[in-house]
Structures are given as structure tokens and as C-alpha cells.
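Dear colleague,

I am passing on a structure for you to look through, and my notes on what was found follow below it. Please read them with the structure open beside you.

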Amino acid sequence: MSSPSMFSNNSVSIPVSDDDEDELSRKRVRVRRKRKKPLSHRVKHDLGKRLVRFLVRYWALLIFLPAAALLCYEATKIGKEPAVDEDDLDRFVAEGTEVDPDLDPVFKPPPKVSHPNLNRMDPVTRMIDGVREPCLKLRPSDELELLDIPNGGGIESPVKSVKYLTERDLPEQNGTHRSKRFKFNSFSGYPSLEDRDGSFVVNQTPAVHCGFFSESGGFNISDADKSYMDSCQVVVSTCAFGGGDDLYQPIGMSNASLQKVCYVAFWDDITLAAQENAGHTIGDDKFIGNWRIVLVDDLPFVDQRLNGKIPKMLGHRLFPNAKYSIWVDSKSQFRRDPLGVLEALLWRTNSVLAISEHGARSSVYDEAKAVVKKNKARPEEVDVQITQYKKDGMPEDKRLNGKKALNEASIIVREHTPVVNLFMCIWFNEAVRFTSRDQLSFPYVLWRLKVLKDTNMFPVCIRKDLVNSIGHLRKAKPSVKRAMPSTADDEA
């Protein structure tokens, strides 16, 4: 038997070629390569990183360079004469720019721009027990037409009449008497601290300083205007001295109010010039719309805010026969029926004085801090006033007679009773003695003059309903006719 062969016939041969081996090798060694990003993407990415690094490194310099450039630009403007803007002539008149009358054709009136609040009549409302109701509840329009002016005198008062002191009563307080510390002059008279304390001692016929002290004291009004003012029984009044504000026509009046109520606006010659340049011309009857314009000559004070206190607080002196008055600051448009307002705020509540609560603060001492912080009065003036009030024992309570102890005095509704007139005289003297910020002195006088209790401190939303608030438009030009006294007899 022959020996078996090395390889059995059942073995299988596998052919291997050079091509197959190469293909296998390629499959094994193939490496996945990253696709290169486009060149434009790489360039953008590099620029972004460089920009971030630049900003991080040089951010302070980037802020400083524009600020320095702006500072240099503003510095070049210092001392240059500003060009007159034809559309802002009334601002220049108000702030003291002299205008040559011969150049009137050059200075055109500014365009009339309507304020968004002007002529609005929509009522202000509030939630009461889950129900939204109007803040000011006036009588229906048909009842407003039937309202008449009551005779008054229904509220008992310990003050029967007030005597207003003049230089004839106090000849020793003549024109040679001056006060360096206070702003008293021949219009206000020169009440001492003893006079001040005595004015709070109430009797049936108190005698007080109440402006118009001397015939040479200023605030001169023509005989024709005096005659008109003497005829008024109910007055809505305002004033704009120094060209500070425009005149807004009252709205919302009944026919009865148009016949029975005087609307009087006090202007000086600066305001007259500003308003004429704005296209507001007084008619031959001395009216602009419903407002009777009363021009005042020789304003007593340099401070126009203080001049404004005269018609604001001394309305009973200007309108000797008036029974009621409503004061409206010139920054607002009165938008309710005056007889309806008197009925709602005085007659219905058995009050003789109505004024709004303050919307932001409740204390005189907090208000003093706010006045200083907002630069509305000199800190030393406020400090003298508040120091005196603390010395007089005025508490820091935020409530007075159950009401908020701070008021906002842009609207004053009052009956011209002797006790209210006395209050207004004392309030005016406080504004002259200390600061013209009357919201500081009002609570003090109310606290110290114990007999005035029939007051209506109405909520802020009623004040907002009474007027459309426009705001002061321009800075009033100071009065230059009267300078502060140069000699003094200082008071303690």
C-alpha cells in the first residue's frame, strides 16, 4: 500500500493574487481625514477672537476717547453767543434775553404744540369696595345749572373780622426799616417775631400784617381792573409772572358758572411780551378767551415765586367782595365746573377751606429734606425755618387732626371767611419770612392756628380730576424792579 500523500485530495486551495492583497491592505490602513474648513470661515473666526481680545484689553481707552472728544467740543462752545432760535422766542423772553421791538418780523411766534393732557375731560376714578367710582362726584349737569351762590356765614367762628395793618397804623415801620435776613419790604411790612407770635393769639378782631402795607409797596393794578375785581363774587384765579407759563383756557363749565364766576389771570409785562410773541393777544375787552387779564406793575419781590404768593394767598385782599375763590397754579388747566366744585368740596362737607393731601410725603420735616435734595430752596433757608418750627414745638407726626399732615397747594378752594382770611395772611407772612416753598409753612400755620378746623383735605385723585396737569414750561425771569435791601436791623 503506498504511503499517503502530504496533502489530502480533500484540501481546498485558496488562490491569492497580488491585486487582492493590495486592496486588503488599503482597507486596513485607510485613515479618516478632517475636511478642511473654508478659508473664509477661518478668517472670520480669527478676526472675532482678535476683536474680543482687543476690547478686553482696551475697553477703558475706548470709553475715555469719546468722552474727551465731547468735553473738548463743549469747551469750545463756552463763551460763544448762542444763536436765537426763532421757534423758542418766548423762552428767551422768560429767561432774560432782551428783544428789540424793531426786530419783531425776524422773531416769529413759536409753533403751537398741543400737550397730550390739554383739554382732556375723562374722569379720574378709584376703587371703593370693589367698585370703580369717580374721585370727584359733581352734581348732574342739569343740577349744576341751578346752583346758586349761598350767602355763607353758616359756620360759627371765633374770628368776626380781621384788621390789615398798614404804615398808617405803624408809622415807626417806615421805609428806613430793613431786614437782611428776611425778605420783608414796604409791601409786606416788617412784622417782628413778637408780631408773628401775636398773630396766632386769636380774638374776635385780630390785627395782622397782610401785604399792601404801604401805598408805595408795589403790586399796582389799574382802576379799571380794580373795578372789575370788585364786582366778583366767585373767582377762579391764576398768575404767571416772569413769562414762565402759558395760559390754558378753562373747560367743563356750566352756563351758570360762565355767568356768575370771574376768571382772572394776573400777568406782568414780561409774561405779556412772551405771550404776545406766542400769538396770545389781549382783546380790547381785556380778555383772552374766558380769562380776564389783569396786568400788574411794580412787583414787590425779586423772587417771582414770592410774587406769585400774593394772588395765591391774598385773594381776599384783591377781591374784597368775593365770597368764594378757587386758586389754580399756572402749570395746570382747570377742567371742572367751579360752582360744582364749591358744592362738592365746601358746601356739601361744611368746610371753609379745601386743599389736596400730598401725594408722596406726610411730614413737614420729610418735605424739608426733599426740598433741599431737589435744590428747590437754599439749605440754610430751610434750616432756619425748620429750626424755628422745632423750637415752636411742632410735632413730627404724619397725621394732623386725623388727616395727612402735609398738603399740596397747587389748588386751593376756600370761602372768604374772617378765619380763613386770617390764616392766609399768616401763611403769606411765613412764606416771606422763611422760604417761598409754601408746602412747608401751610401745615405749621394750620397746626398753630387751632381755630381753623373746618378744612377738607381731599385725596390726591380729586386734585388730579380737577385739572389737566401741563407742568411748568419755562424758567421765569426774575423781577428786576426791586432789589434786596442793603442795610439791616437783624432779627433774632
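Helix α14 passes helix α15 in a right-handed crossing, a term for the case where the near helix is turned clockwise from the far one by less than a right angle. Before going further, please keep in mind that this is a predicted model, in which local features need pLDDT of at least 70 and side-chain atom pairs count only at pLDDT 80 or more, while totals for chains, interfaces and linings use all residues. Residues are numbered from 1 along each chain as its sequence is written, and side-chain values use heavy atoms, with hydrogens and water left out.

Two packed helices are described by the angle between their axes and the distance between the axes. Here α14 and α15 (residues 438–448) pack at an angle of about 135°, with their axes 9 Å apart. That makes α14 oblique to α15, where oblique covers whatever is left once angles under 35 degrees are called roughly parallel, over 145 roughly antiparallel and 65 to 115 roughly perpendicular. On the α14 side, F423, I426, W427 and E430 meet D438, S441, F442, Y444, V445 and L446 of α15, contact being heavy atoms within 4.5 Å. The residues of this contact divide into seven nonpolar, one polar and two charged; Ala, Val, Leu, Ile, Met, Phe, Trp, Tyr, Cys and Pro count as nonpolar, Asp, Glu, Lys and Arg as charged, and the others, Gly among them, as polar.

Not counting residues up to four places away in sequence, L422 touches V159, V162, S199, P206, V208 and L449. L422 and S161 are 261 residues apart in sequence, yet 8.8 Å apart in space, C-alpha to C-alpha.

Helix α11 (residues 338–347) is also largely enclosed by the rest of the structure, because nine of its ten residues are buried; among them are P338, G340 and E343.

Lastly, G471 is found in the segment after β16 (467–469). Leaving aside its neighbours within four places in sequence, G471 is in contact with D245 and K331, and its C-alpha atom is separated by 8.4 Å from that of S330, 141 residues apart along the chain.

With best wishes

Notes
Axes are lines fitted to C-alpha atoms, for helices over the stretch in contact, and angles run from 0 to 180 degrees between N-to-C directions. Helices (H or I, at least four residues) and strands (E, at least two) are DSSP runs, numbered from the N terminus. Buried means under 20% relative accessible area, exposed over 50%, partly exposed in between (1.4 Å probe, protein chains only).
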